[in-house]
Amino acid sequence: MSYEWQAPKEGDVRSPCPALNAMANHGYLQLFEALQKVFNEDAILATFQVANCFTIYGKWFAGKISLEDLCQHGKLEHDASLCHVDTALGENWIVKKDLVDQLIASAIDGKIKPESLKNTFRARYLNSKENDPDFTFGTFQVQLAAGEYSLFLNIIGANTNKEVDAKVAEIFFHEERLADEWTRPNSSVSLPTIIKTNYEFSKIMNAEIKELN
């Protein structure tokens, strides 16, 4: 990493997205450049993500978007997040240590794998369904969550067979920091790669939801 990690200071704004928060904590504030420089996304994938953000939040005329914007519920932020409470139940941008612990406990042989994410999603879905009176998790939310899981495994797990060491994952989600042991993907990450894994996770999640309802 080019920039040393610094914890957010009083008054600093953060979002429900651990990846964007980690980049901000490492001093990377220009989204398009940061996605390529930090996570080695190719230009098409980075453009796709930035364009989606600006479109969903209506920021094309403003020309910029803040981490605080991403806290708006029902856009990119969604219920049953891996490590944040639902908006109806609390502050959706604050990392919950017990939820991080739940995710890390799902590790298999010390690694966060697709099965780990599936099991954690199941637990989070059930918890939200039981406790959140405004719980919403339809087709749009499935695609969002599947995309997040896909990005996590294909970027944070890029050099480790699309699995993430539990220690690296804990630092990423709890401290919103890129661990010293983590290395930037050796090869650029493409949009088709993310879409493929997104599709696989979507099928898994839809099957889980069908079973739970």
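Me: How do the axes of helix α4 and α5 cross, and within what distance do they come?
Reply: The axes of α4 (residues 97–105) and α5 come within 8 Å and cross at roughly 140 degrees. Helices here are DSSP runs (H or I, at least four residues), numbered from the N terminus. Axes are lines fitted to C-alpha atoms, for helices over the stretch in contact, with angles from 0 to 180 degrees between N-to-C directions.

Me: What does that make α4 relative to α5?
Reply: That makes α4 oblique to α5. Angles under 35 degrees count as roughly parallel, over 145 as roughly antiparallel, 65 to 115 as roughly perpendicular, and the rest as oblique.

Me: Which residues meet there?
Reply: From α4, Leu99, Gln102 and Leu103 meet Leu117, Thr120, Ala123 and Arg124 of α5. Contact means heavy atoms within 4.5 Å.

Me: What sort of model is this?
Reply: This is a predicted model, where local features need pLDDT of at least 70 and side-chain atom pairs count only at pLDDT 80 or more, while totals for chains, interfaces and linings use all residues. Residues are numbered from 1 along each chain as its sequence is written, and side-chain values use heavy atoms, with hydrogens and water left out.

Me: New topic. How many aromatic pairs are there?
Reply: The structure holds 12 aromatic pairs. Rings of Phe, Tyr and Trp (its six-membered ring) pair if their centres lie within 6.5 Å; planes under 30 degrees apart count as stacked, over 60 as edge-to-face and the rest as tilted.

Me: Why is the pair of Tyr125 and Phe137 edge-to-face?
Reply: Their planes are at 85 degrees, so the pair is edge-to-face, with the ring centres 5.9 Å apart. Tyr125 lies in helix α5 (residues 114–131) and Phe137 in the loop between α5 and α6 (139–156), so the pair ties together parts 12 residues apart in sequence.

Me: Is Tyr125 buried or exposed?
Reply: Tyr125 counts as buried, at 4% relative accessibility. Buried means under 20% relative accessible area, exposed over 50%, and partly exposed in between (1.4 Å probe, protein chains only). Phe137 also counts as buried, at 10%.

Me: And how are Phe152 and Phe173 paired?
Reply: Phe152 and Phe173 form a tilted pair, 5.1 Å centre to centre with 50 degrees between the planes. Phe152 lies in helix α6 and Phe173 in helix α7 (residues 166–175), so this pair ties together parts 21 residues apart in sequence.

Me: Which residues does Val168 touch?
Reply: Not counting residues up to four places away in sequence, Val168 touches Ile156, Ala179, Glu181 and Trp182. Val168 is buried, with a relative accessible area of 9%.

Note on methods
Helix = DSSP H or I, 4+ residues; strand = E, 2+ residues; numbered from the N terminus.
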